[in-house]
Amino acid sequence: MMVLSGCSSGTAGTDVEQDAKAPLELWTRTTPGGPGEQGTVRLAAAFEKATGYKVKVTAIFDDFETKMQQRAAQKDLPDIVMNDVTQLGTMQSQGLLREIDLSKLASAKDLTERGLASGKAIDGKQYSVPYSAQATALLIRKDWREKLGLQAPQSWADLTAMAKAFTEKDPDGNGKDDTYGLAAPLSTKRGYASWYFSNFLWAAGGDFVADAGGGKFKPAMSTPESTAAMQWFRDLGCKDKVIQPGAVTMDTPPTNETFEAGKTGMYVVGPYLLPRYDKSLGKDKYEVVPMPKGAKNADVLAEGGAIYLMAGSPNNAAQDAFAAFATSAEGQKVGMEGDTAYIVQLPVNKSVDISQVRPDPRWKTFAEIYQASGHYAPSLPNWTPVRQTTAETVNALVADCSLDLKAELQKLDTKLAEILAEQGVAAS
């Protein structure tokens, strides 16, 4: 919280001398020279044309957070940051952000309630606005399903049955025992195991940490609902053996490859892989369907990109204008342009009909899933240690089938309680 103590004498960013002609420095967390940077540059150009404000785009992927801290220490933050919505708690608790006044964003009234809520910190104040959303769906090898005479799964029992059939009944017809039902990135790297498991945990009525009200949380991984979800998911690997070999060492890149290489038949993932799989597999080989309902609902992981207005900017008016433009119908459509260089997966502006921008009905399926079942992680001061710690337990339980599941989840809750206490958000 001390890193920006010299930026202003009052609320972060409000006492800095303002200059309406000062250009905006925008950082986006994406690969330099890649499609994400190209899409951001295109959005910035459209913003400049519409408003006259100048923007310089800088794409950073490696060591993004470290470089941000270096600029914070120099009291010279960029004006705008476009980053994952899950970074809100960390950035806000460090004093890097200024509060957003939604009354200054003409587009605010058109934004999805889920998206807006994801931009609120635990103090209830708005510190980011979404510019892109995504939710996961179930990708299925349609040719395998039809060959085996199966229907799209409507329940977890159906999903298990299809996973077993894809594993045991030679769906690709090559006469070899070399296919598996479900692709799953279960590495501990960047918390992938818990990231993926969340799609099943929430649908079962479980949670990593439960909201106790008043900005406080309590551990929830050893509750009956979470335990049942973990047991069911663990059985897929330990008992049914329908998850690809080596899953516990894989993050997303090698897992993505198992699906397109014909080694796995189902994958729970976001829409960003559609262009890749259309090219490598062909549209006719796979399909997109909603995840089947779990014990409680059909909730799946919702994520997205958010716009953060950084503290200490000399041009607050331009910051507000950029946030308003990027979330407007015009800005959203610009962000969705192109086959690969788009930065908006699903629009967050309710006035944008995704079918008009992307006629492919699979995109509408993803949009409907987001609206009906998208589930964001809570805005803790720092979500990363929660995700990482739970990933280590999920990974261990699938990697070592002899571990006592209930005991491990109880140990996990003890660790989560310590993390929540360290962040000052533990329920008493």
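Author: What follows covers the salt bridges, pair by pair. The model is predicted, so local features need pLDDT of at least 70 and side-chain atom pairs count only at pLDDT 80 or more, while totals for chains, interfaces and linings use all residues. Residues are numbered from 1 along each chain as its sequence is written, and side-chain values use heavy atoms, with hydrogens and water left out.

A salt bridge here is a side-chain nitrogen of Lys or Arg within 4 Å of a carboxyl oxygen of Asp or Glu. The whole structure holds 19 of these salt bridges. One of them joins Arg71 to Glu25, at 2.8 Å from N to O. Because Arg71 sits in helix 2 (residues 64-73) and Glu25 in strand 1 (residues 24-29), this pair ties together parts 46 residues apart in sequence. Helices (H or I, at least four residues) and strands (E, at least two) are DSSP runs, numbered from the N terminus. Both Arg71 and Glu25 are buried; buried means under 20% relative accessible area, exposed over 50%, and partly exposed in between (1.4 Å probe, protein chains only).

Glu65 and Arg29 also form a salt bridge, at 3.7 Å from N to O. Glu65 belongs to helix 2 and Arg29 to strand 1, so the pair ties together parts 36 residues apart in sequence. Glu65 is partly exposed, at 34% relative accessible area.

Another salt bridge links Lys285 and Asp284, with the closest N and O atoms 3.7 Å apart. Lys285 is partly exposed at 29% relative accessibility, whereas Asp284 is exposed at 54%. Finally, a network of salt bridges connects Asp278, Lys283, Asp360 and Arg362.
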